[in-house]
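Biologist: I would like to go through this model with you, one point at a time. Please show the sequence and the structure before we start.

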Amino acid sequence: MVSIPIALLDFVPVLLFGAAVVLLQRDLYGKMVKGAYALFAAGTIDATMAGFLKAVHKLLYALGVCDFQPLKQMFFPVQAIGFLLAGCGALYIGARGPKGRKALAVAAPPAFTGTFIFVGIMLTGLGMLYAGLGRVAAKMKKPAAVALLVVSFVFSLGMGYLASRDFAQPVMNWMAELVNVVAQGSLLAAALILHRSGLAERECFGNESCRGSY
């Protein structure tokens, strides 16, 4: 039986991740071609909602209301696809005009026509997402943000590992939740550093203006 404190704690990383991606969506608007931004926004919203619905399932179960399995079963595939979409978009932050659209088109076929298992999809999406954000932090010369993104990525991988363990033990539930909180808290901290360093005011990350993309 999942305890109510554990169920409530499950909402914390969802809120942290949601706050981070909303901040990034606002700051990155205009830094990406339309297709890339659409993938990034849709993917991060998708991943956030998947996490929220999983937390809702856990709370309903802890309260003894019901055990609505579809909310739990849809979590991993929906979040994996969300991260893949967000990752595909994040790789092209700063790409402009025809060059950016061409690069996005080249990336799309292997991402969406393969037969990836969801673990592979999740790892691929996370890798691309953090690589794209890490490149932005590096170009803005913000080593603290880069370090926080590395921490977030490593702890996200750790969360994936813990998800395969025996969650019948309460200690594993607490450990997984705390690892997830650190992962998403680090992501939010990195997003705040970039925001306060003027990410929204930057025109682009190359030699040309990004304004022609929208």
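The questions and answers below go through this predicted model, from its overall make-up to single residues.

Biologist: How many helices and how many strands are there in the protein?

Modeller: Read along the sequence, the pattern is α-α-α-α-α-α-α-α-α. The protein therefore counts, with helices and strands taken as DSSP runs, as having nine helices and zero strands.

Biologist: What share of contacts between residues at least 6 apart in sequence joins residues at least 24 apart?

Modeller: Buried residues make up 47% of the 214 residues in the protein. Among contacts between residues at least 6 apart in sequence, the share that joins residues at least 24 apart is 80%.

Biologist: Which residues are linked in a network of salt bridges?

Modeller: The count of salt bridges comes to three. Asp 10 pairs with Lys 54 at 3.0 Å, N to O, and Lys 58 pairs with Asp 10 at 3.8 Å. Lys 58 also meets Glu 177, at 3.1 Å. The linked residues are Asp 10, Lys 54, Lys 58 and Glu 177.

Biologist: How many residues apart in sequence are the parts that the pair of Asp 10 and Lys 54 ties together?

Modeller: The side chains of Asp 10 and Lys 54 meet in a salt bridge. Asp 10 lies in the loop between α1 (4-9) and α2 (11-28), and Lys 54 lies in helix α3 (residues 34-62), so the parts tied together are apart in sequence by 44 residues.

Biologist: Is Lys 54 buried or exposed?

Modeller: Buried means under 20% relative accessible area. Asp 10 has 2%. Lys 54 has 18%, so Lys 54 counts as buried.

Biologist: In which helix does Glu 177 lie, and how many residues apart are Lys 58 and Glu 177?

Modeller: The side chains of Lys 58 and Glu 177 meet in a salt bridge. This pair links distant parts of the chain, with Lys 58 in helix α3. Lys 58 is buried, and so is Glu 177. Glu 177 lies in helix α9 (residues 170-196), and the two are apart by 119 residues.

Biologist: How many disulfides are there?

Modeller: A disulfide needs a pair of cysteine sulfur atoms within 2.5 Å. Cys 66 is partly exposed, with a relative accessible area of 35%, whereas Cys 88 is buried at 3%. The count of disulfides comes to zero.

Biologist: Which helix gives the most to the nonpolar patch?

Modeller: Phe 76, Ile 81, Phe 118, Val 119, Leu 123 and Leu 157 make a nonpolar surface patch of about 480 Å². Helices α5 (75-90) and α7 (118-139) each supply at least two of its residues. With three residues, the helix that gives the most is α7.

Biologist: Is Ile 81 buried or partly exposed?

Modeller: Ile 81 lies in helix α5. A buried residue has under 20% relative accessible area and an exposed one over 50%. At 36%, Ile 81 therefore counts as partly exposed.

Biologist: How many of the 18 residues of α2 are buried?

Modeller: Helix α2 reaches 25 Å from its first C-alpha to its last, close to the 26 Å expected at 1.5 Å a residue. Just after α2, Gly 30 takes a positive phi of about 95°. The helix is mostly covered, and its buried residues number 13.

Biologist: What separates the C-alpha atoms of Gly 87 and Gly 125?

Modeller: Gly 87 is in helix α5 and is buried at 0% relative accessibility. Not counting residues up to four places away in sequence, Gly 87 touches Gly 125, Met 128 and Leu 129. Gly 87 and Gly 125 are 38 residues apart along the chain, and their C-alpha atoms are separated by 4.7 Å.

Biologist: Which residues is Ser 152 in contact with, leaving aside its neighbours within four places in sequence?

Modeller: Ser 152 is found in helix α8 (residues 143-162). Its relative accessibility is 0%, so Ser 152 counts as buried. Leaving aside neighbours within four places in sequence, its contacts are Tyr 130, Ala 183, Ser 186 and Leu 187.

Conventions:
Residues are numbered from 1 along each chain as its sequence is written. This is a predicted model: local features need pLDDT of at least 70, side-chain atom pairs count only at pLDDT 80 or more; totals for chains, interfaces and linings use all residues. Side-chain values use heavy atoms; hydrogens and water are left out. Buried means under 20% relative accessible area, exposed over 50%, partly exposed in between (1.4 Å probe, protein chains only). Helices (H or I, at least four residues) and strands (E, at least two) are DSSP runs, numbered from the N terminus. Contact means heavy atoms within 4.5 Å. A salt bridge is a side-chain nitrogen of Lys or Arg within 4 Å of a carboxyl oxygen of Asp or Glu. Patches are made of residues with over 30% relative accessible area and no salt bridge: like charges are joined within 9 Å, nonpolar side chains (Val, Leu, Ile, Met, Phe, Trp, Tyr) within 5 Å. Accessible areas come from the Shrake-Rupley method with a 1.4 Å probe; for residues, only the protein chains shown count as cover. The expected span of a helix is 1.5 Å times one less than its number of residues.
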